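Here is a short briefing to read alongside the model. Take a look at the sequence and the fold, and then we can walk through them together.

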Amino acid sequence: MKQATRFAVQMSWKLLILDMGYAPADVLSLARLPGDLFARSGASLSPSQYFDLWRGLEQAAGHDELALKLAQAMSVEAFDPALFACLCSPDLNTALQRLAHYKRLIGPLHMAVDIRADRTQVTLRCYGSTAPIPRSLGVSELVFFTQLARLATRERIEPLAASVPDLPLKLAPYQAYLGCALGASEQIQIAFSAHDARRPFLTDNMAMWAAFEPALNSRLSELDAQASLRERVRAVLLETLPAGISSIDAVAQRLAISKRSLQRQLADESVGFQELLSEVRHELARHYLSRTDISAGEISWLLGFQESNSFIRAFRSWTGTTPAAYRQGRAGMDAQWH
């Protein structure tokens, strides 16, 4: 199953941000995303930009409990087509199975649904970022599944268990909302009783589902038909750059194709090798500077630069600032919001 590398920006996102009480322009600025993102037709985000948007939301939220604000703002109008179609399901089991099928159209997450005799368990795994996922994202997914069940059944559905890789700083509000303990786990996980998972949805609408399904399947078919070389080159670079390997010859060898064939196929996807290399270096540089104490010289080597000055010049071209200034700014931002 192919991973999506771009995610359509839904106008419902802007509505949801407004309903949570935040200014979309402020969120985009904090996320370092284009200010006209929500106004552009056909706008999309890469996986790393998707996570940046969540970080922008976290910063805009400040000391608010972002995931709980999301629950308060959730409404039928705020759902994109894939999520709204799931609300049309006959029960939670069906909704979760549909959502797992279409999740890769919504964001960089893999979703697995395990329906057992006594419970239904959902496991989510993020992809497309070398940095830890935003703290609020994991718990927001748990809140979303719970609120979806409550909206559709008009009952206070409470999960049997819930866990995330990075626990919120304040556990009590989330445990009160969920009605169960919130634990730590490697993946995002939530489980509902078999009874609740089979409870009929009052929003069940087969006619509406029949209207949505062809368009959603068409989007999946387009995704599966897309060439994946760009994605594969990125994966190889993420693996080899920490060893100081960044040449197109080395990447072509890893992919078992000729250098010329690699260049030609990337050109067919309207991207060049140097562009991908710069993109991956930029992502890794931000990760190292934000999440580690590694020196600029060591980072330069990990990114495959011959000397530190080359790294510093490249980083300035990406961000408009130096690695040292970026690290200092991130440290100050973390102190402010945590």
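Leaving aside its neighbours within four places in sequence, which residues is Leu-99 in contact with? They are Leu-83, Cys-86, Ile-106, Met-111, Phe-144 and Phe-145, where contact means heavy atoms within 4.5 Å.

A word on conventions: this is a predicted model, in which local features need pLDDT of at least 70 and side-chain atom pairs count only at pLDDT 80 or more, while totals for chains, interfaces and linings use all residues. Residues are numbered from 1 along each chain as its sequence is written, and side-chain values use heavy atoms, leaving out hydrogens and water.

**Overall fold**
- The chain comes to 17 helices and 7 strands, these being DSSP runs numbered from the N terminus (helices: H or I, at least four residues; strands: E, at least two).
- Its radius of gyration, taken over C-alpha atoms, is 21 Å, close to the 20 Å that the globule rule gives for 338 residues, so the chain is as compact as a globular protein of that length; the rule is 2.2 Å times the number of residues to the power 0.38.
- Along the principal axes, the C-alpha atoms fill a box of roughly 60 × 45 × 40 Å.
- Buried residues make up 49% of the 338 residues; buried means under 20% relative accessible area, exposed over 50%, and partly exposed in between (1.4 Å probe, protein chains only).
- Of the contacts with a separation of 6 or more, 68% join residues 24 or more positions apart.

**Nonpolar cores**
- A nonpolar core is a set of buried Ala, Val, Leu, Ile, Met, Phe, Trp, Tyr and Cys residues joined through side-chain atoms within 4.5 Å.
- The largest core has 61 residues, and Met-20, Tyr-22, Leu-57, Leu-99 and Phe-145 touch the most other members.
- Helix H7 (residues 135-153) gives the most to this core, with 9 residues.
- Apart from it lies another core of 29 residues, including Val-233, Val-251, Phe-273 and Phe-315.

- Helix H16 (residues 308-319) has 12 residues and reaches 16 Å from its first C-alpha to its last, close to the 16 Å expected at 1.5 Å a residue, a span worked out as 1.5 Å times one less than the number of residues.
- Phe-311, Ala-314, Phe-315 and Trp-318 are buried in H16.
- Seen down the axis of H16, the buried residues fall within an arc of 100°, so they line one face of the helix; the arc is that of the directions from the helix axis to the C-beta atoms.
- Ser-300 sits in helix H15 (residues 296-302) and is buried, at 2% relative accessibility.
- Beyond its neighbours within four places in sequence, Ser-300 is in contact with Phe-305, Glu-307, Ser-308 and Phe-311.

**Positive phi in loops**
- Most residues other than glycine have a negative phi.
- Arg-32 has a positive phi of about 60° and lies in the loop between helix H2 (24-30) and strand E2 (44-45), where it is partly exposed at 48% relative accessible area.
- Arg-154 has a phi near 60°, in the loop between H7 and strand E5 (161-164), and is exposed at 59%.

**Cysteines**
- The structure holds 0 disulfides, a disulfide being a pair of cysteine sulfur atoms within 2.5 Å.
- The sulfur of Cys-88 is 8.7 Å from the closest cysteine sulfur, in Cys-86, too far for a bond.
- For Cys-180, the closest cysteine sulfur is in Cys-126, 19 Å away and too far for a bond.
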